[in-house]
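Dear colleague,

Please read them with the model open.

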Amino acid sequence: MKVYGIDIIRGSVRSRSRRPMYALVRMHDQEILSETEISSFRLERILSNEKPDILAVDSLQEISVDQHDLFAFLQAMPPSVRLVQVTGGERKESLGKVAARFNISFNRFDPFAEARTIARVASLGAGYEVIAFENTSDIVVSRHRSPGKGGWSQNRYVRKIHGAVQQKAREIEMELVAAGHRYEKKETRAFGGCSRVSFQVFAPRDQMPVAMYRGADVQVRISGKKLDRIRFKPLTGRPKYLIVGIDPGTTTAIAALDLEGNLLHLSSSRQMSMSDVTEVLYKVGKPLIIASDVHEMPYSVEKIRRAFNGVAYTPRQDMSVETKLDLAAPHPYKNDHERDALSAALDAHRSYKNKFQSIQKRVPPGYDLDEVRAAIVRGLSVEQALGEIKGREAPEVTVTPHVEVQAPGDERIRILDGTVKRLRSLIQEMQEESKQKDREIIRLQGRLRRIRSHREDKIRKDNEIVKRDAIITSLKKRVRREERVNRNLRKRVSRLKEFESLQQQENAVPLKILVSFTREGLKSLIEEFGLREGELVYIARIDGWSRNVVRDLAGTGIMGLVVGDEESIPGDPRFMEPFHEYNIPLLNGEDVDARVKGKQGSANKKMVDDALSDWEERRKTYELEKKAKMLEHIFKEYRSERGKEMKKVG
């Protein structure tokens with residue numbers, strides 16, 4: 001595997017005047033091939049030509065200013081080259097700590113030493129791969145030159161370019177079909193072929209069967225679909241080894257340390273089962289040592305230890321509260337349960353700390369110290385651990401007289417057989433626990449169905465109540481409206497009764513009161529009291545009179561219209577014409593002794609008869625005067641026509 005490590009010597013990607021210069025170390029299968037000082041432009045050329053497996057850096061800020069610049073850098077790299085940041089992903093650590101895990105030391109002030117270390121730890125599996133593109137790629141086939149304005153052969157020239165674009169697109173499509181990739185195609189038709197053809201291929205860039213191309217007429221660009229945010233993927237899927245402290249009970253607490261003693265996880269919950277504890281630990285790492293704060297390890301903690309095939313650790317005697325407080329003091333915790341779990345893990349790390357430090361002196365550089373430590377904790381010697389890591393077979397063991405020595409391979413088989421037996425018993429326990437959980441689930445599902453049924457009945461009942469309440473509210477509004485109408489009708493009936501009683505009196509004539517001499521006033525009077533033929537209507541003042549209102553009054557057939565007093569009657573002669581024309585007697589209230597109280601009134605019957613007689617006399621006089629005026633008008637017209645005829649004869 002070819003791994004290239006780079007470290008910046010001088011300059012910066014943020015500077016326009018001093019462009020960065022890098023120390024490049026080429027490494028192939030843990031062997032350094034060359035060390036070179038190169039520029040950023042030269043680095044891109046080397047990556048394009050040599051195509052290493054990994055380009056390792058200790059910080060992305062040495063090759064890009066921001067995320068947009070990083071996308072451009074990754075787009076320019078060959079798809080097969082992986083960019084690895086050896087100091088971590090989202091959570092970074094120093095290069096010294098990363099190198100210390102492999103027992104590697106270097107000069108921090110020498111860029112070439114740092115580049116060698118970066119390449120070496122990357123080849124050993126340290127770091128995170130930078131993921132910037134989705135598993136989707138875009139292939140764009142377009143013109144490499146513009147047709148321009150052209151001359152006599154312009155059409156032939158354009159047809160040639162567009163035909164070349166179409167032909168290249170067909171070749172790429174055939175290669176995609178042959179490779180079995182799923183894709184979507186978009187064409188921009190043009191004269192003689194296509195001016196642009198794009199393929200959206202549902203596969204990563206490194207699986208594209210075609211390469212970028214630039215010809216005389218056609219160019220092919222391949223780009224990956226960018227992610228919204230840069231992601232980091234561990235270069236190796238090997239989890240970290242953990243020292244785990246567990247405090248079981250009503251509230252279960254978990255504390256997880258790495259082999260250096262750094263706290264990675266601390267939590268507690270009242271609703272955490274043993275399966276939840278197992279799931280949490282799987283997410284954090286790989287438990288190597290399972291510790292408890294009491295001398296006799298609880299059964300629930302022992303089950304978890306067997307599930308991970310971890311090494312058990314218990315103190316010689318139950319830990320006191322003072323000891324727990326001293327151990328957990330440097331770390332924050334929420335409750336006593338977390339303190340107990342944390343103190344158990346820290347006590348286990350303290351007991352192995354000296355052994356881990358002595359191992360570091362005996363292990364040569366280039367080995368993962370965590371792997372060696374894990375092998376030592378499981379009972380192997382340093383030499384056996386190194387041999388197992390390198391994949392070499394253990395040396396043959398000679399047999400001396402009267403001493404039977406078991407080969408390491410047989411010992412490993414015995415250990416694995418014991419592990420299989422423990423796992424089988426654990427599986428049986430897990431199956432029984434699973435059956436119990438299934439029964440509990442069935443019981444809870446039945447309870448849930450009953451609760452849902454009760455809740456649905458309650459919701460249905462509440463909806464029916466809401467519907468009935470709305471109907472009741474509507475009916476109440478309707479009842480109140482009918483009550484108002486009923487009250488108005490009762491008042492109207494009482495007034496009509498009073499009016500009827502007035503009609504039955506011998507010397508009185510009832511009057512119906514007209515509020516205003518308008519059509520609206522007349523309509524209101526008819527709706528409230530009614531208006532029958534032969535009745536008298538009273539109005540206090542005649543303001544804003546009109547001929548239409550007089551005509552409407554005549555249509556009701558009333559006996560006459562009584563006006564408040566003589567001053568209320570306009571002196572305009574035209575006012576009397578519609579009353580004479582429609583034969584509506586217009587009576588003076590003083591002449592008929594009109595008396596009005598509220599919406600009712602009465603007049604003296606004898607005086608009304610006299611006033612009607614006077615009106616009839618005035619009406620006859622009006623008719624005679626009207627006929628006289630008409631005859632006079634006819635006579636004048638005759639004289640005028642006769643004079644005109646005489647003038648014609650003369």
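The largest pocket has a volume of about 1300 Å³. A pocket here is an open set of points on a 1 Å grid over the protein atoms alone, where a 1.4 Å probe fits, with protein on both sides within 12 Å along at least five of seven lines; the volume is the space filled by probe spheres set on the points, which are joined across faces, edges and corners. Of the 43 residues that line this pocket, those closest to its centre are Glu 93, Arg 101, Tyr 128, Lys 240 and Asp 258, where a lining residue has an atom within 4 Å of a point. H10 gives the largest share of the lining, four residues, and the lining comprises 16 nonpolar, eleven polar and 16 charged residues.

This is a predicted model, in which local features need pLDDT of at least 70 and side-chain atom pairs count only at pLDDT 80 or more, while totals for chains, interfaces and linings use all residues. Residues are numbered from 1 along each chain as its sequence is written, and side-chain values use heavy atoms, with hydrogens and water left out.

Turning to the helices (DSSP runs of H or I, at least four residues, numbered from the N terminus), H6 and H7 (residues 299-308) pack at an angle of about 45°, with their axes 11 Å apart.

H9 (residues 336-362) and H10 pack at an angle of about 125°, with their axes 10 Å apart, which makes H9 oblique to H10. From H9 the contact takes Tyr 352, Lys 355, Phe 356, Ile 359 and Gln 360, and from H10 Leu 369, Val 372, Arg 373, Ile 376 and Val 377.

Best regards

Note on methods: Helices (H or I, at least four residues) and strands (E, at least two) are DSSP runs, numbered from the N terminus. Ala, Val, Leu, Ile, Met, Phe, Trp, Tyr, Cys and Pro count as nonpolar, Asp, Glu, Lys and Arg as charged, and the others, Gly among them, as polar. Axes are lines fitted to C-alpha atoms, for helices over the stretch in contact, and angles run from 0 to 180 degrees between N-to-C directions. Angles under 35 degrees count as roughly parallel, over 145 as roughly antiparallel, 65 to 115 as roughly perpendicular and the rest as oblique. Contact means heavy atoms within 4.5 Å.
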